[in-house]
Amino acid sequence: VSYLATQLRPSDVCNVRYLSFEACGLDKQEIYANSATSLLCRALCTNRSVTELNISDNEIGSSHDAGLPLKNLLASNNALTRLDLSRNPLGFRCRPDPSASSEVTSALALGLVHNTRLRSLCLSECKLQPKGIELLGRSLLTNSSLKELDLSRNPGVTRYGAVALAKGLETNTGLEILNAKG
């Protein structure tokens, strides 16, 4: 992944539009100092050709902290329109606590606040807790570019989480599809 990440950086040379590392175990092992997800996100911060990124089912959030790289990716990359992070344990690292949010979810919500291009975000089966759902709901107050948000199969989509999402949708004019099914 390290070598590939260096090849993604020069956007004038790279013409890749769709990039998928689904179920590749990017962050499965802790033996490396930097996670593969971090390297990939850093490379994509300056890349302007990749519009769709699928890094689902990669243990992102389980051992390395991918929060800051994901936040920076969302805040700086204006080419990315689809991001699939489904089936990654973004919601918590150890014991689930409904009143807490993981650093990854918090950073992701902050990145969404500054993003103006992402149209589709899939966070299905990410073990998001109510506090994480609340933070994502708050990001909807300012992010009107997101058209589709998939939060299905997350334990945090409870009555509390639904209220937080509803508050975000009070002023949001962009979201067209919200999937929050259990």
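How many helices and strands are there in the protein? There are six helices and six strands, where helices (H or I, at least four residues) and strands (E, at least two) are DSSP runs numbered from the N terminus. Keep in mind that this is a predicted model, in which local features need pLDDT of at least 70, side-chain atom pairs count only at pLDDT 80 or more, and totals for chains, interfaces and linings use all residues. Residues are numbered from 1 along each chain as its sequence is written, and side-chain values use heavy atoms, with hydrogens and water left out.

**Overall layout**
- Of the 182 residues in the protein, 48% are buried (under 20% relative accessible area; exposed is over 50%, partly exposed in between, with a 1.4 Å probe and protein chains only).
- Take the contacts (heavy atoms within 4.5 Å) with a separation of 6 or more: 85% of them join residues 24 or more positions apart.

**Helix α3**
- Helix α3 covers residues 67–76, and its buried residues are Gly67, Pro69, Leu70, Leu73 and Leu74.
- Those buried residues pack against α2 (36–44), β2 (52–54), β3 (82–84) and α4 (103–114).

**The loop between β4 and α5**
- Glu125 sits in the loop between β4 (120–122) and α5 (130–139), and Lys127 is found in that loop too.
- Glu125 isn't a glycine, yet its phi is positive, near 55 degrees; at 35% relative accessibility, Glu125 counts as partly exposed.
- Lys127 also has a positive phi, near 60 degrees, and is partly exposed with a relative accessible area of 41%.
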